[in-house]
Amino acid sequence: MDPAAPLIDPFARAISYLRVSVTDRCDFRCTYCMAEQMTFLPKADLLSLEELDRLCSAFVRLGVQKLRITGGEPLVRKGILTFFQAMSRHLETGALKELTLTTNGSQLRKYAADLAACGVKRINVSLDTLDDAKFAKITRWGRLPQVLDGIAAAREAGMAIKINAVALKGFNEDELYTLADWCARDGHDLTFIEVMPMGDLGEPQRLDQYWSLKDLRARLADRFTLIDLPDRTGGPARYVRLAETGQRIGFITPLTHNFCESCNRVRLTCTGELYMCLGQEDMADLRAPLRASPDDALLTQSIRAAIARKPKGHDFDYSRQKVAGQMTRHMSHTGG
Ligand code: SAM
Ligand code: SF4
């Protein structure tokens, strides 16, 4: 086989998108994501930034064109800017089309300008509420003004911002229009995410939190005219445009919709585990082949073998009033 042949899975899906969790640590403790007392991985288990570089570069050589850095909170990883600087070389050669990140926004004031200088043009910032007290409650440790200031810094640096909000029953239902208006005013795209069964936070709590995006969408349609958009990113989001504001709104609905047929992505954890599907337990350890030899032949072979096992889809299902397809991993482990 041509060593640079692109990665194609058994269902003829080309793998062009890698999401990389660079740390499982975070400066927040969002209630749907983490327990308050989390046990984090021993630092020695983490891939070094040099190892992450080698791994990501191998994927880029195999046809990955989009790299999303996530976590945990990616911007709390020590030295993370060096890693972005290193990845920007793949943008310069044209091999990589997009370098981006998903962040809680807390460190953006510090990093936005440097990230923009590395070629990061668009970022996703997670924000579930615009109310100070509710923000403190849902993130446990976060402070809203710091995040809003971070978002302002990213805008000043010229980056486009997409806000990701987890739809949470009884929590941000009443802020649907407020969030939409705020994003429209500042020119941010907005995407709503259904809460997923990641990490064992207790089943009753999970079902209590679940607000179906079908309901959310219907409520949005009470006030706005929704125009369905054909935009597809190979990912789980479906988009509409609000006729009144021109704003684009996305819906990530792993539980009411199945989107797996067009999946183009895989996920790498900070310890070098490659998950071929967010909703399945199967993974491939890439740290061992990475460390076994300084050239990339073994690593490339292991990546190909993993892609050949990419499953057709996930099995999340809440429809019988119980959580099916529950994953034992927390979202911060695989990188949301
Ligand atoms: N710390 C960064 C942040 O919050 O954006 C990046 C990592 S975080 C795990 C990525 C995304 O996953 C966030 O938008 C977060 O809201 C989402 N998330 C975390 N746990 C989730 C869950 N159980 N269901 C749905 N989304 C979840
Ligand atoms: Fe941290 Fe992001 Fe998880 Fe919140 S969602 S605890 S910010 S990793």
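Which side chains meet in a salt bridge at 4.0 Å, N to O? They are those of Arg-25 and Asp-24. The model examined here is predicted.

## Ligand 1

Ligand 1 is surrounded by 18 residues, and the closest are Tyr-32, Gly-72, Glu-73, Ser-126 and Met-196. The shell around ligand 1 consists of 7 nonpolar, 8 polar and 3 charged residues.

Several polar atoms of the protein face this ligand. A polar side-chain atom of Ser-126 lies 2.5 Å from an oxygen atom of ligand 1. The backbone takes part as well: an N or O backbone atom of Tyr-32 is 3.1 Å from a nitrogen atom of the ligand, and one of Thr-103 is 3.2 Å from an oxygen atom of the ligand. Of the 550 Å² that ligand 1 exposes when taken alone, the protein buries 95%. Strand E3 (98-103) and strand E6 (189-194) are the elements that give two or more residues to the shell.

## Ligand 2

The residues around ligand 2 are Cys-26, Cys-30, Cys-33, Phe-28, Met-34, Gly-72 and Asn-104. This shell holds 5 nonpolar and 2 polar residues, with no charged ones.

## Ser-57 and its surroundings

Ser-57 belongs to helix H1 (residues 49-61). Its relative accessible area is 7%, so Ser-57 counts as buried, the limit being under 20%. The side chain of Ser-57 reaches the backbone oxygen of Asp-53 at 2.7 Å and makes a polar contact with the side chain of Arg-89 at 3.1 Å. Leaving aside residues up to four places away in sequence, Ser-57 touches Met-87, Arg-89 and His-90.

Asp-53 and Arg-89 are themselves joined by a salt bridge of 2.9 Å, N to O. This pair links distant parts of the chain, with Arg-89 in helix H2 (residues 80-93) and Asp-53 in helix H1, 36 residues apart. Arg-89 is partly exposed at 35% relative accessible area, whereas Asp-53 is buried at 15%.

## Further salt bridges

The count of salt bridges comes to 20. In the pair named at the outset, Arg-25 is partly exposed, with a relative accessible area of 23%, while Asp-24 is buried, with 6%.

Another salt bridge joins Asp-282 and Arg-309 at 3.1 Å, N to O. Its partners lie 27 residues apart: Asp-282 is in the loop between strand E11 (273-275) and strand E12 (283-285), and Arg-309 is in the loop between helix H10 (297-307) and helix H11 (331-334). Asp-282 is partly exposed at 33% relative accessibility, and Arg-309 is partly exposed at 41%.

Technical notes. Residues are numbered from 1 along each chain as its sequence is written. Chains are lettered from A and ligands numbered from 1 in the order in which they are written. This is a predicted model: local features need pLDDT of at least 70, side-chain atom pairs count only at pLDDT 80 or more; totals for chains, interfaces and linings use all residues. Side-chain values use heavy atoms; hydrogens and water are left out. A residue is near a molecule or strand if one of its heavy atoms lies within 4 Å of it. A polar contact is a pair of N or O atoms within 3.5 Å; within protein, one must be able to donate a hydrogen and the other to accept it, and residues adjacent in sequence count only if both atoms are side-chain atoms. Accessible areas come from the Shrake-Rupley method with a 1.4 Å probe; for residues, only the protein chains shown count as cover. Helices (H or I, at least four residues) and strands (E, at least two) are DSSP runs, numbered from the N terminus. Ala, Val, Leu, Ile, Met, Phe, Trp, Tyr, Cys and Pro count as nonpolar, Asp, Glu, Lys and Arg as charged, and the others, Gly among them, as polar. Buried means under 20% relative accessible area, exposed over 50%, partly exposed in between (1.4 Å probe, protein chains only). Contact means heavy atoms within 4.5 Å.
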